[in-house]
Structure formats: C-alpha cells, structure tokens
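Here are a few notes to go with the model. Have a look at it first, then read on.

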Amino acid sequence: QALADDPDALVVQRSLWRAAAASGEGFDWEYEEYETRFWGEVLSALKTGDAVFKTDPDAPLLRSPMPLFRRSAADVVACADCTFEYERNYRKPNFCRSQSRMHDANRTVEEDWLRTGFHLNMGTIFFRPRPRVVRLLELAKQWQARSITRGRRGLSVPSEQHVFLQVLGSYGCRWSAMSGEPLTPKEASKRLMLGLKAGQRVKPPTEEEDRRQFSVFGHCAEDLTIEVLSYGLCPRTILSGVRVGASRAAEKEAKSKLAAVRLAKDAARRRQAKEGPILFHAGGPMPIKMHRIRDLMRPLWERLSCLPPAPSTV
C-alpha cells in the first residue's frame, strides 16, 4: 500500500517462490526454485525499461521509498546487512562470513566481506534499468549458474546475496561517505550501524540527514554506482542470536536492537515528516519474524480499524 499510494509507482506483485509445506519445525520453502529464478525475473523487468524494487515479505514498508530512490542517482540502492557489529549476533554466523566461493571468484565470501565491511541486503534492493546494471546482473546470473552443485539432497544453489557480494568484489568498488571521504571496511560498517542509534532519538534524522551522515556510497568498474542505506532507514533485529541475560552488555545490545520495533509507534507522523525507518526487516526464524512484524504493525492496523492475524493463522 505504501508503494501503491505513490503516484509515480506502478506496483506489480511477483511471487518468486512458494511454500511447499508447513511442518512441525516451521516452513519448508522452495529455496532452490527462488534462487534459480531470481536473476532472470529481475533481468526480464530491467530489459523492458522498468526499474525493479525487490523486497522480502518479512520487510513491511512504513512509507514509500520511491522519493528517496528518485533523489539518489545511484544505479543500485540497497539496505545494509551483515555489518561487522551486526554479524556478531547473526542467527547464522556462517552466513555473513561464509567460506563458500563462487565458481568464478578469486576469494571466499568471507574475504570479500572483510574487504567491504557489509553485505548489500538482497531482501531490500532497488535496480535502475541501465545497461551497466543489466551487465552486472547477467554476470551474477552466470556466476550462480556455474556454482550450483548437486548432492544427495538435490541441488545446492548459492544465496543471491553471496553471489552479489562476490560479483561486486570483482568490480573493485571504492566506498566513501556522501562527501567523498574514503571509508575503510571498519569505518563503513560502523557508519551504517550508527544510523540505528540516531534513529532512536526523540527527534530522529530526516531521510536526507540520514543519507548525508550514515549512507555509504560505492564507485565501481564500468562507472557503476551504489548507495547503501543505514540501519536507521532499514532497521533489523537479530532476536534468536542475542543472548539476553548472558551479560549486562548483551542485554543492553538486545534492547538497543529491539528498539527498532518502537520506532514505528508513531509511524503516521514519521511518514509525514519523512523521518525514521522506511521499512522494518525482521530477523530470526520464521515464527519470530512473524511475531515481530505483528508487534510492529499492530499500531497501524489499530489506526485503520483492522485486526492483526491470530498466531494460529500465521
């Protein structure tokens, strides 16, 4: 609805995967089907001249991101994931620092991550229909296809987030602040995380203030440009990875991350003022994700006189 309300956005819903079965252990997603179709779906849209905004179903929008995309001149605009600080409590530590390597890559995923300081979150990403973007994604599609292996359990398809990180690793990207100040991987990671802290203020930064202070900008081969949005605009939670009560420091860190939920309590005012998060991307296993989303969206549903779904229907 946030996108549909934007006069310059045409919303086309595409289902890139399906739920095969719901077992006692949770949802069994057709992961390989989604991964093998992802690049082709995006490329088919870009080649017709349409821009593509891809968002995961567990990342509800609080307002339309289209005005921000229009202000950004970058070829690719994405939310951040796997910053050094965030990775410590990631529910799957080996995801950010995976030892896997694409067939055509010179380094492992972890080595490319250490050279960057973050991943581009493929759960929330915007592509402009430009020839250099098409060439980049065609290369990613080729790398993924050549990296698929077959084992006793069937196909093993690399994550599109790992593929994209490794392809960008071959583009020699240089990362900087909006001012042009070069950033080391450690500096870029910290900058993206500081946006989350600033977003918890009584008077959080506006979108433009957040971009100036906390976005990270990449300049890569073939004049490819990238903007990475901070956790202030795209907060996440890592609920299952934070050991609350293990120490005061861990508990404080958990409360800091869970504060992202509170940012949506006055979402209507923030939407009007264009401040605070654009979306909220839940973390953790599927049941926890769904409960976090319900907690976040409840104030909006109540304003609209809607009832949130009961847990049994999730």
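1. In which sense do strand β4 and strand β5 pair, and over how many bridges? Bear in mind that this is a predicted model. Strand β4 (residues 76-81) runs against strand β5 (residues 119-127) in the antiparallel sense, and the pairing covers 6 bridges. If you want a spot to start from, go to Val 76, which stands opposite Phe 127 in β5.

2. Over to the helices. Two packed helices are described by the angle between their axes and the distance between the axes. For helix α6 (residues 131-147) and helix α7 (residues 160-169), the axes come within 9 Å and cross at roughly 120°. As for its hand, the crossing of α6 and α7 is right-handed.

3. Which residues make the α6 and α7 contact? From α6 there are Leu 136, Leu 137, Leu 139, Ala 140, Trp 143 and Gln 144, and these meet Glu 160, Val 163, Phe 164, Gln 166, Val 167 and Leu 168 in α7. Sorted by class, the contact of α6 with α7 has 9 nonpolar, 2 polar and 1 charged residues.

Conventions: Residues numbered from 1 in each chain as written. Predicted model: local features only at pLDDT ≥ 70, side-chain atom pairs only at ≥ 80, totals over all residues. Heavy atoms only, no water. Axes fitted to C-alpha atoms, helices over the stretch in contact; angles between N-to-C directions. Helix = DSSP H or I, 4+ residues; strand = E, 2+ residues; numbered from the N terminus. Left-handed = near helix turned anticlockwise from the far one by under 90°. Contact = heavy atoms within 4.5 Å. Nonpolar A, V, L, I, M, F, W, Y, C, P; charged D, E, K, R; others polar. Pairing = 2+ DSSP bridges.
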